[in-house]
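Please examine the sequence and the structure shown here. The report that follows describes the fold, the annotated regions, the surface and the side-chain contacts.

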Amino acid sequence: MGQVIQFNVSLLFTIINLIVFYLLLKKFLFKPVMGIMEKREKMIADGLKNASDSQEEAARLKAEYEKALEGAKAESIQIVEKAKKTAAGESERILQEANTEAVGILKDARKTIENERKQTMNDLQSEIAGLAMQAARKIVDDTKGNQDIYDQFLKGAGDAHVNKEVK
């Protein structure tokens, strides 16, 4: 019986040792390890949440940028169209001004030509009258007695010259 008691006492000390060892492990090993594991788990969960939030923010910003880009494209198209319309209007205005100016220049040129033509005709008539008078003088000098014919001719040539200048 002595051995059984000794076995029971040994068993009892072993069980007490195991319980003490378990309590020591629990206090010094399991709690700190579990604390570290919980901290890591929380850190990973926070990292995943932050990553998810960042992804959502990036998606939102991307949508905003795409919307802004579409608006900018539409605005650039409007600006180009407006510039084309303005250029077309300006081109039309310049063409009209050029046509108006060309018509004015042509009218002025025609008036100048007509005035020069009239002046040339008047100059020619004056020269013709002068030549006719010289011819008449020679004829009259040759005939030396027909003073009336000479006077009549001068009067007719002078009237024709005066009438052309008045017109």
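## Basis and overall fold

Helices (H or I, at least four residues) and strands (E, at least two) are DSSP runs, numbered from the N terminus. R60 and E64 both belong to helix α1, where they are four residues apart, about one turn of the helix. The chain holds two helices and zero strands, and helix α1 comprises residues 2-143.

The model is predicted: local features need pLDDT of at least 70, side-chain atom pairs count only at pLDDT 80 or more, and totals for chains, interfaces and linings use all residues. Residues are numbered from 1 along each chain as its sequence is written, and side-chain values use heavy atoms, with hydrogens and water left out.

## Accessibility of the chain

Residues are classed by relative accessible area (1.4 Å probe, protein chains only): buried means under 20%, exposed over 50%, and partly exposed in between. By this scheme, 4% of the 167 residues of the chain count as buried.

The chain exposes about 14900 Å², of which carbon and sulfur atoms supply 63%. Accessible areas come from the Shrake-Rupley method with a 1.4 Å probe; for residues, only the protein chains shown count as cover.

## Annotated regions

Two annotations are taken from UniProt; their positions are given in the numbering used here, feature names are shortened, and annotations may be inferred rather than shown by experiment. The unreviewed entry assigns "transmembrane region" to residues 6-25. In the model, residues 6-25 are 100% helix and 0% strand, with the end C-alpha atoms 28 Å apart.

The unreviewed entry also lists residues 48-75 as "coiled-coil region". Residues 48-75 are 100% helix and 0% strand as well, and their end C-alpha atoms are 40 Å apart.

## Nonpolar patch and aromatic pair

Patches are made of residues with over 30% relative accessible area and no salt bridge; like charges are joined within 9 Å, and nonpolar side chains (Val, Leu, Ile, Met, Phe, Trp, Tyr) within 5 Å. A nonpolar surface patch is formed by F7, L11, I15, I19, Y22, L23, L29, F30, V33, M34 and M37, with about 1100 Å² of accessible area together.

Rings of Phe, Tyr and Trp (its six-membered ring) pair if their centres lie within 6.5 Å; planes under 30 degrees apart count as stacked, over 60 as edge-to-face and the rest as tilted. By this rule there is one aromatic pair. The pair joins Y22 and F30 in a tilted arrangement, 6.5 Å centre to centre with 55° between the planes. Y22 is partly exposed at a relative accessible area of 46%, and F30 is partly exposed at 38%.

Side chains of opposite charge can pair when their charged atoms come close. A salt bridge is defined as a side-chain nitrogen of Lys or Arg within 4 Å of a carboxyl oxygen of Asp or Glu. The structure holds six salt bridges.

How are E57, R60 and E64 linked? They are connected in a network of salt bridges. R60 meets E57 at 2.3 Å, N to O, and meets E64 at 2.4 Å, N to O. R60 and E57 are three residues apart in helix α1, so about one helical turn separates them.

R93 is partly exposed at 35% relative accessibility, and E97 is partly exposed at 43%.
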